[in-house]
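Dear colleague,

Please find the structure below, handed over for your records. My notes on what was found in it follow directly after.

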Amino acid sequence: MARTIDQQIAEAQARLNRLRTRQKATETRRKIIVGAIVTTEALKDPKIARWMAATLRKNATREVDQKELTGLLADLDAKAAEA
């Protein structure tokens, strides 16, 4: 049985939604990977630690985000102080 135009549109929209979901998941994975690598390197290198701490303090403006970063910022500050 032939699909109606409305059915074809609905199927195309569903496919588009699946592709958007997949794209968002890919972007999220990329952010996690990059964040983990940069954090690991920052905890090894005082120069990177200073940059990362300053960047986080500047850009994490929501109170809930600032609270979440408290421990990491303390670790970064300790590493930055080694230099």
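The chain has four helices and zero strands, counted as DSSP runs numbered from the N terminus (helices: H or I, at least four residues; strands: E, at least two). Read along the sequence, the pattern is α-α-α-α.

This is a predicted model, in which local features need pLDDT of at least 70 and side-chain atom pairs count only at pLDDT 80 or more, while totals for chains, interfaces and linings use all residues. Residues are numbered from 1 along each chain as its sequence is written, and side-chain values use heavy atoms, with hydrogens and water left out.

The C-alpha trace spans about 75 × 25 × 15 Å along its principal axes. The radius of gyration of the chain is 21 Å, whereas a compact globule of 83 residues would have a value near 12 Å (taken over C-alpha atoms; the globule rule is 2.2 Å times the number of residues to the power 0.38).

Of the 83 residues, 13% count as buried (under 20% relative accessible area, with a 1.4 Å probe and protein chains only). The largest nonpolar core consists of nine residues: Ala42, Ala49, Met52, Ala53, Ala60, Leu69, Leu73, Leu76 and Ala80. Helices α2 (46-59) and α4 (70-81) each supply at least two residues of this core. Such a core is a set of buried Ala, Val, Leu, Ile, Met, Phe, Trp, Tyr and Cys residues joined through side-chain atoms within 4.5 Å.

Leaving aside residues up to four places away in sequence, Met52 touches Val38, Thr39, Ala42, Leu72 and Leu76 (contact means heavy atoms within 4.5 Å).

With kind regards

Definitions and conventions: Buried < 20%, exposed > 50% of the residue type's maximum accessible area, 1.4 Å probe, protein only.
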